[in-house]
Amino acid sequence: MQDNKPDYFYQRNPKDIMSSAVPRSGFVVFCVLLVVTLALYPVLRTLGVQIYSAFTGKYVSGYHSLLLVNCPTEQTARDIGRIIMEKRLAACVNIFPRTATMYYWKGEIRDATEILLLVRTKTSLVQRLMTYITAIHPYDIPEIITFPINDGSQHYLKWIAEAVTDS
């Protein structure tokens, strides 16, 4: 009988229940904070980059991007360029004259002439810009290639940031 009393007492002791609940709630809080941090990572990174750049006056690589877009005609290039400028998705668009292009399409080599657009924007807008250009471009698979801008004139890069909107 004496051996059963301590087991009975420990099974009903509320301290054991409370001591196991505290670490569980701490773990839940940790998991929630981890998920929120991961979900907000792009926003937190952008904010950190802006704060760093503001305090140090240095450019952070990759904040701006350059897009190359080929178009079938000069008028198509002008239309696409004007539309993305009006929507403030790009700070600047250069339209290069005819270029000779060779490419594979449906199993054969083709020759064509195309017009090249050179587009400058914020990296945060690249996906939106690519989606929009793909929707209005006459090609089934438009050529849209992006490059991060690693460095450049601070005044010019600041102008790009002011010329385009994130909304």
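Tutor: Helices (H or I, at least four residues) and strands (E, at least two) are DSSP runs, numbered from the N terminus. This is a predicted model, where local features need pLDDT of at least 70 and side-chain atom pairs count only at pLDDT 80 or more, while totals for chains, interfaces and linings use all residues. Residues are numbered from 1 along each chain as its sequence is written, and side-chain values use heavy atoms, with hydrogens and water left out.

Student: Which residues of α6 are buried?

Tutor: L157, I160 and A163 are buried in α6. Seen down the helix axis, they fall within an arc of 125° (taken from the directions from the axis to the C-beta atoms), so they line one face of α6. On the other side of α6, H155, K158 and E162 are exposed.

Student: What covers the buried residues of α6?

Tutor: Contact means heavy atoms within 4.5 Å. The cover includes β1 and β3. Helix α6 (residues 154-163) lies across β1 (64-71), β2 and β3, and runs at about 90° to β3. For such angles, axes are lines fitted to C-alpha atoms, for helices over the stretch in contact, and angles run from 0 to 180 degrees between N-to-C directions.

Student: How do I read the sheet?

Tutor: Strands of a sheet pair through backbone hydrogen bonds, either parallel or antiparallel. Two strands count as paired if DSSP finds at least two bridges between them. Here, 4 strands form an open sheet in the order β2-β3-β1-β4, with antiparallel pairing. Its edge strands, β2 (92-105) and β4 (144-148), each pair on one side only. On average, neighbouring strands of this sheet are turned by 25° against each other, direction ignored.

Student: How many bridges join β2 to β3?

Tutor: There are 12, and the two strands run antiparallel, with β3 covering residues 108-122. Take F96 as an example: its bridge partner in β3 is L116.

Student: What about cysteines?

Tutor: A disulfide is a covalent bond between the sulfur atoms of two cysteines. The rule used here asks for a pair of cysteine sulfur atoms within 2.5 Å, and the count comes to 0 disulfides. C71 is buried, with a relative accessible area of 0%, and C92 counts as buried at 19%.

Student: And the whole chain?

Tutor: The protein chain has 6 helices and 4 strands. Of its 167 residues, 25% count as buried.

Terms used: Buried means under 20% relative accessible area, exposed over 50%, partly exposed in between (1.4 Å probe, protein chains only).
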